[in-house]
Amino acid sequence: MALSELLGTTFECRCGRTHHVPIRELVYTHDALDSLGDVLERCLGDARSRHAAVVADARTWEICGERAQEALQKAGLRTSRVVVADRGARSPMCDDGTCRTLIEQLRPVQPDLVVAAGSGVVNDLSKWASFELKIPYVVVATAASMNGYSSANVAPTVAGVKMLIEAKPPLAVIAEPTVIERAPRQMTTAGFGDTIAKHQSNGDWIMNSLLLGEYHCAFCAGIVSEIEPLYLDHPERIGRGEPEAVRGLFEALFWTGTAMTLVGSSTPASGGEHLLSHTLDMMAESRGETHDLHGRQVGVGTLLSAALFERVLAMENPDTGTFPPVVEEGVWGASSVASAVREQYEAKRPKLELLRERIRRKDLWDQVRTRVAAEVKPPETIRDWLTRAGGATCAADVGCSRQRIRSAILHMHEIRKRPTIIDVAWLTGVLPGALDDILDQWL
Ligand SMILES: [Zn+2]
Ligand SMILES: [Zn+2]
């Protein structure tokens, strides 16, 4: 069955759960914007009597926002233009303050729905604000830069901490191939970094299911296997913006985001590799500095995760003597951030105790070594993919000094309660011992 047939359906899965795909339509065609009125009619019915707020930032308004508004007006909808303001010379970010401002911009307009025109930040802010206002949203995508279009979650910074907030996915994701192909190359390679992370994040997921007995869904974990050859067989085609490769990447981002929605958590597409990106964001934001794109940092995190998996899985009988260090307040700047981080870390401790015990069980560990090794990719492969696609491959590429990335790696395990390869690397003594070797060889 083609993946597109799953849109809008509910189905019984081999994992034992019933999955529901709330997104009704994925439109990736040259006349996608012209079809906006028809898409809304199919998704909502009686679309012409509705009032749509088109949300964009200054750049995405030019790219798609204005045309989206015209298409909606042509289809008979009432529309309002809502532009998310820049932060001085910098583009907007997705945090609680910006979302509040957007809600204040939307409230007097009283829209029936939000049409987001943009990528990461505009999509997340629109998803969050429309969820708070209890109205549906659809997104007109401007780049294949991340997998958040189809996820139910928003990943904002709240009081300095990278959070995951439950919201609702869009009714439809709409994109024009020429817009996505012409997006800045850094954004497309960021999307590539976010997508290849799934091999490593699934390694974390399988490891947690074997060692901690946690739920795992093979269907959701492997949802993009059939699309993968389009962008992974020849990653340089991503770098060149070739239509087939970019379409494959866009669809892979859509379906990995959907997998998170199906499972109800970020587990299928976000593991230890993502923690590096979140930590770098938090460290930069707490110092008022800028950071690189999510997916570019995730690509580098994926390389780190691969290097850690390689060393951990090479151990036949790991000794689990080392415990990850407790939260170090100074690293997190504000004490409110440190206490939020501490809460996550404390919630993880019982699982770490259990992991320490289970890793020592030879039968379990042998299974982990076989099944996880079959899923994760070696660091050579990850670096080759990233290099050929023209993505970021090392700390310097994402604007990090050795000291900054070193500090991020030493503290990234503190920010989330779900265990990952980072924790297992600590428990088995790979961290901190091999950190400098890994930095020298890979980052
Ligand atoms: Zn399932
Ligand atoms: Zn991501």
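This note sets out the overall build of a predicted model and the contact between its domains.

1. Basis. Local features in this predicted model need pLDDT of at least 70, side-chain atom pairs count only at pLDDT 80 or more, and totals for chains, interfaces and linings use all residues. Residues are numbered from 1 along each chain as its sequence is written, while chains are lettered from A and ligands numbered from 1 in the order in which they are written.

2. Overall dimensions. Along the principal axes, the C-alpha atoms fill a box of roughly 65 × 50 × 40 Å.

3. Burial. Buried residues (20 or more other C-beta atoms within 10 Å of their own, with C-beta atoms placed from the backbone) make up 52% of the 443.

4. Secondary structure. The protein has 18 helices and 12 strands, which are DSSP runs numbered from the N terminus (helices: H or I, at least four residues; strands: E, at least two).

5. Domains. An automatic or database assignment gives domain 1 (3–7 + 21–175) and domain 2 (188–442). Their centres, taken over C-alpha atoms, are 28 Å apart.

6. Domain contact. Domain 1 contributes 28 residues and domain 2 contributes 36 residues to the contact, where two residues touch if their C-beta atoms, placed from the backbone, lie within 7 Å. On the side of domain 1, β3 (25–28), β10 (161–162) and β12 (172–175) each give two or more residues.

Technical notes
A residue is buried if 20 or more other C-beta atoms lie within 10 Å of its own, exposed if 12 or fewer, and partly exposed in between; C-beta atoms are placed from the backbone.
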